[in-house]
Amino acid sequence: MYWQGKGDTDKPLEPPSEFIIKVQDINDNPPQFIEGPYKGSVPEMSQVGTSVTRVTATDADDPVYGNSAKLVYSILEGQPYFSIDQTTAIIRVALAGMDREMREEYLVVIQAKDMGGHMGGLSGTTTVTVTLTDINDNPPKFTKGSFEFTIPEDLGIGKPGGRVKANDRDIGENAKSAYSIIGGDERDIFEIVTDAQTQEGILRLKKPLDFESKKSYNLTVVATNIRADSITGGPYMDQTMVKIIVEDADEPPVFTKSTYLFDVHENAAINTVIGAVAARDQDATHSQVRYFIDRHTDLERQFNINVDDGKITLAKPLDRETDMWHNITVTATEISRATVAIKVLDINDNAPEFASEYEAFLCENGKPGQVIQTISAVDKDNPSQGHMFHYRLEMLNNPNFTIKNNLDNSISILAKHDSFRRQKQDTYLLPIVVTDDGEPPMSSTNTLTIQVCSCSREGNVQSCNVEAFVLPIGLSMGALIAILACIILLLVIVVLYVTLRRHKNEPLIIKDDEDVRENIIRYDDEGGGEEDTEAFDIATLQNPDGISGYLPRKDIKPDLQFMPRQGQHSGPNGVDVDEFINVRLHEADNDPTAPPYDSIQIYGYEGRGSIAGSLSSLETASSDSDQNYDYLREWGPRFRRLGELYSVGESDKET
């Protein structure tokens with residue numbers, strides 16, 4: 001910084017000055033591990049002080065001024081297994097004998113602190129994952145102290161006869177072992193090789209076995225680590241005993257010679273013995289040998305052989321000039337017999353069913369909860385674990401009966417109430433579902449028949465027949481049938497009598513002109529009132545001569561549409577009611593929509609010559625009477641509607 005002045009000459013009064021400003025550092029940056037987190041490894045069982053790895057932290061503060069960038073390292077986590085040099089940050093082994101098989105990986109937390117580690121310094125941390133590498137510090141160990149194998153004597157050369165296994169807690173190359181036989185194989189029959197995939201020792205044959213000469217072998221097998229370790233001074237090894245049992249095989253008979261030579265004269269007689277062959281069964285059973293000629297080598301069947309002793313005889317005459325040599329093949333087979341037992345294994349293909357046909361009886365006077373019958377089931381199958389049956393009622397909420405499990409593959413049938421009566425129901429059918437526990441489970445529905453019986457106070461069944469109530473006096477069934485037949489015959493006679501009486505009755509409508517005033521028809525019903533007037537048109541009864549056309553029925557809806565009926569007209573001076581009713585009856589019989597004309601008799605005809613006169617309007621159509629029907633309204637509500645109808649008829653007539 002400098003001052004500058006000016007005069008009249010515009011020149012500086014003094015030369016410029018230069019000042020240097022230096023900024024002093026303070027501890028405002030913590031240490032940082034730029035390359036963290038770290039990974040390191042060290043062999044297991046390493047000695048104390050063995051170097052594992054090195055970490056590095058940086059501090060952005062000035063390393064020259066003060067202690068702001070002076071770092072000190074320490075371990076926060078990972079003790080007592082590892083330690084760190086405070087200055088160089090080299091991590092070392094702090095505990096001897098660390099075994100990878102016990103623990104393979106460790107997590108170490110490292111701290112770097114500035115200000116030389118003093119109070120007030122800033123710090124930074126990082127993690128180091130330390131892995132123990134494997135060394136060959138574990139020997140192989142056979143899974144068993146001894147092994148035993150059974151090998152048939154006809155096992156082929158080079159075929160495996162058994163496998164042994166030695167486990168090693170080490171990994172990789174340190175776990176690999178080689179197997180060898182060090183004893184028990186004086187004949188050099190066996191060899192053992194290592195399976196590279198499974199690390200098993202495979203026992204194989206180098207020479208064929210012979211059961212007849214030696215039946216068993218005791219071998220000493222050793223497993224040795226392939227790699228030796230300089231730290232532990234290996235290699236390690238383990239041994240076991242392997243017992244080989246030779247199994248006798250069915251070997252073919254062996255001839256005493258491989259080739260036989262016999263001479264015979266060409267003029268030899270038939271059945272002359274030419275020679276004999278012999279074979280021996282090498283098996284321990286020494287079965288009898290039978291002999292046969294291979295007919296492919298004796299197509300002309302020139303020779304025969306005795307199947308039991310091997311003697312070859314002449315079957316056809318020989319001619320040396322035709323064939324000087326005959327080469328035949330003889331086979332020997334042993335006769336061996338064995339009993340073969342074939343057992344058919346069971347599967348669950350039969351459903352359980354009742355053990356017997358149960359007859360259950362229920363006392364009428366029994367109490368709720370009484371045991372009616374104990375049920376058990378059988379199953380044709382024979383499972384190895386025995387049978388286990390499950391019972392349930394087909395009707396889950398049966399109102400009359402329930403079941404109780406006796407825990408011995410049986411159940412008891414219990415009554416739910418005491419209101420069983422033979423008069424109401426004498427027999428109950430109770431379906432019961434029985435299921436086994438096979439795979440798949442099979443089930444069947446069995447029906448238990450329960451009869452309701454009369455019992456004594458002690459619960460003894462006395463009678464289960466319903467006829468005991470019907471025939472208390474002891475009538476037999478034949479007598480009961482005879483009584484019922486008589487009753488039926490009597491009913492038939494009554495029906496016939498009633499039918500004949502109906503046919504003899506005179507009709508209600510008199511067809512002649514005689515006086516019918518004494519033929520009074522009584523009716524106990526009052527009619528339907530307004531319902532009858534709604535169901536029928538009263539105009540038909542008032543003036544049959546004036547009706548023309550079809551009158552529809554009002555109380556039903558016709559299903560079919562019919563053509564209107566043409567009304568019948570009587571003479572001008574009278575009404576033939578009988579003819580009118582017959583015509584209407586005929587039309588009603590052929591028209592399903594017509595009203596029931598059986599009720600017309602109530603209103604359609606009241607007879608002639610009555611002192612009281614007729615209330616019908618059928619004759620008023622041709623009458624000049626001026627009768628007033630207003631008095632009908634004074635007779636009460638029952639005749640009010642009738643009075644209105646006649647009044648209406650009169651008013652219509654006047655108009």
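The protein chain exposes about 43,800 Å² of surface. Carbon and sulfur atoms supply 52% of that area. Keep in mind that this is a predicted model.

Now, the chain as a whole. There are 655 residues, and 31% of them count as buried. The secondary structure comes to seven helices and 31 strands. Next, the contacts.

Which residues make a nonpolar surface patch of about 360 Å²? They are Ile483, Leu484, Ile487 and Leu491. Look at Leu484. This residue lies in helix 2, which covers residues 477-504. Is Leu484 buried, partly exposed or exposed? Its relative accessibility is 45%, so Leu484 counts as partly exposed. The cut-off for exposed is over 50%.

What does Glu148 touch? Leave aside its neighbours within four places in sequence. Glu148 is then in contact with Lys243 and Ile245. Now find Met241. How far apart are Glu148 and Met241 in space, C-alpha to C-alpha? The answer is 8.4 Å. In sequence, Glu148 and Met241 are 93 residues apart.

To recap the two spots. Leu484, in the nonpolar patch, is partly exposed.

Notes: Residues are numbered from 1 along each chain as its sequence is written. This is a predicted model: local features need pLDDT of at least 70, side-chain atom pairs count only at pLDDT 80 or more; totals for chains, interfaces and linings use all residues. Side-chain values use heavy atoms; hydrogens and water are left out. Patches are made of residues with over 30% relative accessible area and no salt bridge: like charges are joined within 9 Å, nonpolar side chains (Val, Leu, Ile, Met, Phe, Trp, Tyr) within 5 Å. Accessible areas come from the Shrake-Rupley method with a 1.4 Å probe; for residues, only the protein chains shown count as cover. A salt bridge is a side-chain nitrogen of Lys or Arg within 4 Å of a carboxyl oxygen of Asp or Glu. Helices (H or I, at least four residues) and strands (E, at least two) are DSSP runs, numbered from the N terminus. Buried means under 20% relative accessible area, exposed over 50%, partly exposed in between (1.4 Å probe, protein chains only). Contact means heavy atoms within 4.5 Å.
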